[in-house]
Amino acid sequence: MEKDKLKLTSSEIGTLWGEYVNGTAVDIVNRYMVTIIEDESIKAIFEDAIKTFEKQKQQMVAFLENEKFPIPIGFTESDLFKGKPRLFTDIFCLNYLHIMTLHGLLGHSTSLGVSVREDLRFFYDSCDNDGKRMYHQTIDLLLEKGSFQRDPLFYPAKNPEYVSSQDFTDGFFGKGRTLAATEIISISFNLKKSIMAKTLSIAFSQVAQTKEVRKFFEDAEKTADGQIKSFTKIMQTDNLPVPKSWETEVTTSTDSPFSDKLMLYHTGFLFQAAQAYHGAGLASAMRIDLVATYESTILQNLLLTKKWFNIMVQNKWLEQPPLAPNRKETAKEK
């Protein structure tokens, strides 16, 4: 059988569906941000991001249509209220694009990892290349603007060493030890993403149109803030710097540029995606206090996403992904 004639598997359909819905949500935010950005160098990157996703979106539609699957609703221009005042500063917009690019790179690599058909593999490979180009562009410009936050620096040891004491796992009692470089990878990563989630929650709570949705954003802001404080305490105990917050990059506007549906979905996506990063941090943690912090963080996110799910379903905002056939129901129809 020809490699590009294979029917797409459930996993391949699932990745197309997920990338389409998530991509359209971020695209709407990008389309708003490009209208308020004044810095021409930042605006140029957003214009590139919008054109890039439009190309990817057309290819995803073609894949789904060829398999006779319905195109997801996702998010459209109806979720964008044009002409609204500035809600974010230029530099926050650039940081937002950088963080979303990181999410995109993870999504593309995951999608590539479950793809078998050659044309779909080549598609995700090109998406990954687009993401890497955007990653370099956002970092280069953040560095140029003096706004890229590098992780803590270490001083080299004289020689490599083996772990020689059970105190290596102790972060509470006894002698304990300082953080390992392998642990800081996830701590720093999770701090930056929690800071982004908190800032967006603050902005969205200002402009949300319903009391129920506004209350959720307030809960999301408190959840993210608590997690930031937990990871910050661990870093500062070892006298290590932490990333700066972005709350002051949100204006005082109360006029929403987005639908409540879009803002709520986007926040839920961030907290759900964070679970993968927290899980990776838990897997790499070799200190008891770190393990406890990650376990607590994962539980907090589960409780928050349960609230998110209930609101999305009640408002009929949660689009259903393709489901496996229900054989029992099919048999009853005869």
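This is a predicted model: local features need pLDDT of at least 70, side-chain atom pairs count only at pLDDT 80 or more; totals for chains, interfaces and linings use all residues.

Colleague: Let's begin with salt bridges. How many does the structure hold?

Modeller: Side chains of opposite charge can pair when their charged atoms come close. The cut-off used here is a Lys or Arg side-chain nitrogen within 4 Å of an Asp or Glu carboxyl oxygen. By that rule, the number of salt bridges is 23.

Colleague: Which parts of the chain does the pair of arginine 117 and glutamate 67 tie together, and how many residues apart are they?

Modeller: The closest N and O atoms of arginine 117 and glutamate 67 are 3.0 Å apart, and the two form a salt bridge. Arginine 117 sits in the loop between α3 (90-113) and α4 (118-144), while glutamate 67 sits in the loop between α2 (40-66) and α3, so the pair ties together parts whose separation in sequence is 50 residues.

Colleague: Is arginine 117 buried or exposed, and what about glutamate 67?

Modeller: Buried means under 20% relative accessible area. Arginine 117 has 6% and glutamate 67 has 12%. Arginine 117 is therefore buried, and glutamate 67 likewise counts as buried.

Colleague: Where do aspartate 151 and lysine 192 lie?

Modeller: These two form a salt bridge, with 3.2 Å between the closest N and O atoms. The pair links distant parts of the chain, 41 residues apart: aspartate 151 is in the loop between α4 and α5 (181-207), and lysine 192 is in helix α5.

Colleague: What is the relative accessibility of aspartate 151, and of lysine 192?

Modeller: Partly exposed covers the range between the buried limit of 20% and the exposed limit of 50%. Aspartate 151 counts as partly exposed, at 35%. Lysine 192 also counts as partly exposed, at 23%.

Colleague: About how many helical turns separate aspartate 219 and lysine 215?

Modeller: Aspartate 219 forms a salt bridge with lysine 215, the closest N and O atoms being 2.9 Å apart. Both belong to helix α6 (residues 211-237), and they are four residues apart, so the separation is about one helical turn.

Colleague: Which residues do salt bridges with shared partners join into one network?

Modeller: Aspartate 219 is buried at 13%, whereas lysine 215 is partly exposed at 43%. Elsewhere, salt bridges that share partners build one network, and its members are Lys7, Glu67, Arg117 and Asp119.

Colleague: Which backbone oxygen does the side chain of serine 256 reach?

Modeller: Serine 256 lies in the loop between α6 and α7. It is buried, with a relative accessible area of 5%. Among the residues it touches are Phe81, Val207 and Met263. At 2.6 Å, its side chain reaches the backbone oxygen of phenylalanine 258.

Colleague: How many residues of α7 are buried?

Modeller: Helix α7 (residues 260-284) has 25 residues, which should span 36 Å at 1.5 Å a residue; its end C-alpha atoms are 37 Å apart, which agrees. The helix is mostly covered, the buried residues numbering 18 of 25.

Colleague: Which element gives the most to the lining of the largest cavity?

Modeller: The largest cavity has a volume of about 110 Å³ and is lined by 14 residues. At least two lining residues come from each of α3, α5, α6 and α7. The top contributor, with five residues, is α5.

Definitions and conventions:
Residues are numbered from 1 along each chain as its sequence is written. Side-chain values use heavy atoms; hydrogens and water are left out. Buried means under 20% relative accessible area, exposed over 50%, partly exposed in between (1.4 Å probe, protein chains only). The expected span of a helix is 1.5 Å times one less than its number of residues. A polar contact is a pair of N or O atoms within 3.5 Å; within protein, one must be able to donate a hydrogen and the other to accept it, and residues adjacent in sequence count only if both atoms are side-chain atoms. Contact means heavy atoms within 4.5 Å. On a 1 Å grid over the protein atoms alone, a cavity is a set of points where a 1.4 Å probe fits but cannot get out, and a pocket is an open set with protein on both sides within 12 Å along at least five of seven lines; lining residues have an atom within 4 Å of a point. Grid points are joined across faces, edges and corners, and a volume is the space filled by probe spheres set on the points. Lists of a residue's contacts leave out its neighbours within four places in sequence.
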